[in-house]
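Subject: A structure for you to look at

Hello,

Please open it and keep it beside you while you read.

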Amino acid sequence: MSSKQCVIGLDLGTTGVRSIAFDQKGVIITSNYQEIRQSYPNPGWVEQDPLNILNVTLELLHKTAQDLMGYSILTVGITNQRETTVLWNSKTGLPI
């Protein structure tokens, strides 16, 4: 196991997803960002595809992990759009 350790922060925001990895001293090792698709079905409405958010998040985590060769990841912290709700079908695992 590597003696170099880090933590990853994920920010699932309104317009994109960001991942940032910090070393034990709080120094940024790597940072990645990718926008997510949005649609505007009615005035004042904004919708996003939950599967797009999931896929972008997984892509960024993979990219971040590649950037962290030689580090062991201690933990991942996540913040998200607190006013957002996604309903999932318990049988299919897909968003409704």
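How many bridges join strand S2 to strand S3, and do they run parallel or antiparallel? There are seven bridges between S2 and S3 (residues 28–35), and the two strands run antiparallel. Please keep in mind that this is a predicted model.

S2 and S3 form a hairpin with four residues between them. In that turn you will find Gly-26, which has a positive phi of about 85°.

Now for the other neighbour of S2. Strand S2 (residues 16–23) also pairs with S1, in the antiparallel sense and over seven bridges. The two make a hairpin, with three residues between them. Leu-10 has Ser-19 in S2 as its bridge partner.

S1 itself spans residues 5–12 and has two faces. Cys-6, Ile-8, Leu-10 and Leu-12 make up the covered face, while Gln-5, Val-7, Gly-9 and Asp-11 belong to the uncovered one.

S1 has a parallel partner too: seven bridges join S1 to strand S4 (residues 72–79). If you look for Asp-11, you will see Thr-79 of S4 standing opposite.

Lastly, a word on the rings. With centres within 6.5 Å as the cut-off for a pair, the count of aromatic pairs comes to zero. There is a charge over a ring, though: Lys-4 lies over the face of Tyr-71, at 4.5 Å from the ring centre.

Enjoy exploring, and write back with any questions.

Best wishes

Methods
Residues are numbered from 1 along each chain as its sequence is written. This is a predicted model: local features need pLDDT of at least 70, side-chain atom pairs count only at pLDDT 80 or more; totals for chains, interfaces and linings use all residues. Side-chain values use heavy atoms; hydrogens and water are left out. Buried means under 20% relative accessible area, exposed over 50%, partly exposed in between (1.4 Å probe, protein chains only). Two strands pair if DSSP finds at least two bridges between them. Rings of Phe, Tyr and Trp (its six-membered ring) pair if their centres lie within 6.5 Å; planes under 30 degrees apart count as stacked, over 60 as edge-to-face and the rest as tilted. A charge sits over a ring if NZ of Lys or CZ of Arg is within 6 Å of the ring centre and within 35 degrees of the ring normal.
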